[in-house]
Amino acid sequence: MKFTSKDFDHEGDIPQVFTCEGEDISPELSWSDVPAKAKTLAMICHDPDAPFPGGWYHWLFFNLPASLTGLAQNVKEFPKGTGFGMNSWKRNDYGGPCPPSGKHRYYFRLYALDCELDLDDGATPAQIESRMKDHVLAEAELMGKYIKVNAG
């Protein structure tokens, strides 16, 4: 699969508008070459550099139709049946980069799955990852970086 964004390049800097120092809106995301046998997609955005055990989770969703090819910037409406995991802010929506210090890496990982995940909104990252096990047909990664302008 291919996974890209019009808003930032892979391994490039994430613009401030998508962070806690900006409008904290989600970036545009696009993907292609999803396996034909895929039934759903899941996405996890994770900061492994956060100074917390296991890092920091920014955005998690699952059961997105495999036929979808992307999400608009600042997306608010998702297809019926899409589920949302609980991020590290204890919310079920997007929370942008907000590193306490230094430049952090933000991994957007997209998974093509051969099933729907039997999970409720508010599922934890561990629950989502556990249910995906043995059901991932393909995955793709988009990584962006951000350093807080007003860290301190």
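## Cysteines, cores and rings

Cys-98 has a relative accessible area of 27%, so Cys-98 counts as partly exposed. The model described here is predicted. Cys-98 is bonded to Cys-20, with 2.2 Å from S to S. This is the 1 disulfide that the structure holds. The pair links distant parts of the chain, 78 residues apart. Cys-20 sits in the loop between β2 (12–13) and β3, while Cys-98 sits in the loop between β7 (83–84) and β8. The torsion about their S-S bond is about 80°, so the disulfide is right-handed.

What about the other cysteines? The sulfur of Cys-45 has its closest cysteine sulfur in Cys-98, 13 Å away, which is too far for a bond. Accessibility is set out below.

| Cysteine | Relative accessible area | Class |
|---|---|---|
| Cys-20 | 33% | partly exposed |
| Cys-45 | 2% | buried |
| Cys-98 | 27% | partly exposed |
| Cys-115 | 15% | buried |

**The overall fold**

The protein has 1 helix and 9 strands. Along the sequence they run β-β-β-β-β-β-β-β-α-β. The radius of gyration is 15 Å, close to the 15 Å that the globule rule gives for 152 residues, so the protein is as compact as a globular protein of that length. The C-alpha trace spans about 45 × 30 × 25 Å along its principal axes. Of the 152 residues, 47% count as buried. The accessible surface comes to about 7,800 Å². Carbon and sulfur atoms hold 47% of that surface.

Among contacts with a separation of 6 or more, 72% join residues 24 or more positions apart.

Which residues have the most contacts inside the largest nonpolar core? They are Phe-3, Met-43, Trp-59 and Phe-108, in a core of 28 residues. Five elements are listed as giving two or more residues to this core: β3 (29–32), β4 (40–47), β5 (56–65), β8 (103–113) and β9 (136–147). A second, separate core has 13 residues, including Ala-42, Leu-60, Leu-113 and Leu-119.

Leaving aside residues up to four places away in sequence, Phe-3 touches Leu-29, Ser-30 and Trp-31, among others. Its partners also include Met-43, Phe-108, Arg-109 and Leu-110. Ala-140, Glu-141 and Leu-142 are touched as well.

**Aromatic pairs**

The whole structure has 9 aromatic pairs. One of them joins Phe-8 and Phe-108, with 5.7 Å centre to centre and 45° between the planes. This pair is tilted. Phe-8 lies in the loop between β1 (2–4) and β2, and Phe-108 lies in strand β8, so the pair ties together parts 100 residues apart in sequence. Are Phe-8 and Phe-108 buried or exposed? Both are buried.

Trp-59 and Tyr-94 form another pair, 5.2 Å centre to centre. Their planes are 80° apart, and the pair is edge-to-face. Trp-59 belongs to strand β5 and Tyr-94 to the loop between β7 and β8, so this pair ties together parts 35 residues apart in sequence. Trp-59 and Tyr-94 are both buried.

Which residues do ring pairs link into a cluster? They are Trp-59, Phe-61, Phe-78, Phe-84 and Tyr-94.

Notes. Residues numbered from 1 in each chain as written. Predicted model: local features only at pLDDT ≥ 70, side-chain atom pairs only at ≥ 80, totals over all residues. Heavy atoms only, no water. Core = buried A, V, L, I, M, F, W, Y, C linked by side-chain atoms within 4.5 Å. Buried < 20%, exposed > 50% of the residue type's maximum accessible area, 1.4 Å probe, protein only. Helix = DSSP H or I, 4+ residues; strand = E, 2+ residues; numbered from the N terminus. Contact = heavy atoms within 4.5 Å. Disulfide = S-S within 2.5 Å. Phe/Tyr/Trp six-rings, centres within 6.5 Å; stacked < 30°, edge-to-face > 60°. Rg over C-alpha atoms; globule rule 2.2 N^0.38 Å. Areas by Shrake-Rupley, 256 points an atom, 1.4 Å probe, with all protein chains shown as cover.
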